[in-house]
Amino acid sequence: MKTLLIIVFCLLSGIQISMAQSPVKIAVVGLTHSHVHWILGRADKGDIEMVGIVEPNEDLARRFTSRHGISMDLVYPDMESLFKEVKPEAVTAFGSIYEHLEVVQACAPRGIHVMVEKPLAVSMEHALEMQALAKKHDIHLLTNYETTWYASNHEVKKQVSNDSPIGPLRRVVINDGHEGPMEIGVNQEFLDWLTDPVQNGGGAVIDFGCYGANLMTWLMNGEKPISVTAELKQIKPEIYPEVDDEATILLDYPETQGVIQASWNWPFSRKDMEVYGKTGYYIAKNDTRLISRTAGEDLEKELTLPGRAYPFDDPFSYLAAVVRGTIKVSPGDLSSLENNMVVVEILDAARESAEKGQRVYLK
């Protein structure tokens, strides 16, 4: 029944499918990023098969597999051990951001596609090597963000493209974050590297600044900002002594300004976006709630959107469709390598700007 529903969704969406297609064999590399529960606890849609998990921390592996009813027989201590036993078609990386390069170095020469959890890389140095490996070995290298699957964001993008009801974009404000990883109670293995300036590359500026850089690059159709100006703060140095917990990033374009507000100090979790044009605005409050107002309207309009259709509602359905060739990744897509190279460049510039106390111009 699940397979039949997937076929119907694909046909209605104009996605090419083959009745003979088997589930894409996927391995999970790393369990220290708590977003891994997304795939470990995912309902079976018939489009992927988990063939292995790489995690050297046996205690962590036992806790997470037990929680989701997964056999420890699927767990391997390292990637080499996994690849000796099974041949995944794709890998999802849920370790530290610093470890993304190592995953691509192991997978690309084997022709294994990779999806990393946001952001793509810890630095431009890592990103450029990952890009070169992906191109040399002709693999897909995708980046997953929760906000990629928000119907509200895609409706905003649709509205501001071509003949936008709100006119040319003037200002975009993107807010992401929560009370802080310690405050919300993330597991210790995640906290250890999330607050490490090497393994994560920074604090809130990386953890949540990447969302804004990703969405802004998408809204600007891949255009890089002229310059990046950032202010990073440690409001809670007693909790986060080595990394920032508050980041404000200003992106300057010829006729548009982007403001990214990334924080471990919000009073509650949020992932929302405000898009202002010459004659109106759209505010994506969450994944389905959209508020708008245009010139001539006295009141705001509020719309609750349906969730996105399969396979654009879930990162792993999307990954499976990309691997099977039923979806072609465009350079302008949120998950694309092209978009996410710009994201890393913006984040590198933000750290440099904060360190030097001045605006950084991009090449």
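At what angle do the axes of helix 11 (residues 209-219) and helix 13 (residues 337-356) cross? They cross at roughly 130° and come within 9 Å. The views below are of a predicted model, in which local features need pLDDT of at least 70, side-chain atom pairs count only at pLDDT 80 or more, and totals for chains, interfaces and linings use all residues. Residues are numbered from 1 along each chain as its sequence is written, and side-chain values use heavy atoms, with hydrogens and water left out.

**View 1. Helix 11 crosses helix 13 in a right-handed sense.** Helices (H or I, at least four residues) and strands (E, at least two) are DSSP runs numbered from the N terminus. Axes are lines fitted to C-alpha atoms, for helices over the stretch in contact, with angles running from 0 to 180 degrees between N-to-C directions. A crossing is right-handed if the near helix is turned clockwise from the far one by less than a right angle, and left-handed if anticlockwise. The two helices are oblique to each other; angles under 35 degrees count as roughly parallel, over 145 as roughly antiparallel, 65 to 115 as roughly perpendicular and the rest as oblique. Helix 11 makes the contact through Gly 209, Cys 210, Ala 213, Asn 214, Thr 217 and Trp 218, and helix 13 through Asn 339, Asn 340, Val 342, Val 343, Ile 346 and Leu 347. Contact means heavy atoms within 4.5 Å.

**View 2. A salt bridge joins Glu 49 and Lys 25.** A salt bridge is a side-chain nitrogen of Lys or Arg within 4 Å of a carboxyl oxygen of Asp or Glu; the structure holds 19 of these salt bridges. Here the N to O distance is 3.2 Å. Glu 49 has a relative accessible area of 37% and is partly exposed, and Lys 25, at 35%, also counts as partly exposed. Buried means under 20% relative accessible area, exposed over 50%, and partly exposed in between (1.4 Å probe, protein chains only).

**View 3. Glu 183 forms a salt bridge with Lys 236.** The closest N and O atoms are 2.8 Å apart. The pair links distant parts of the chain, 53 residues apart: Glu 183 is in helix 8 (residues 181-184), and Lys 236 is in the loop between strand 8 (227-233) and strand 9 (246-252). Glu 183 is partly exposed at 36% relative accessibility, whereas Lys 236 is buried at 12%.
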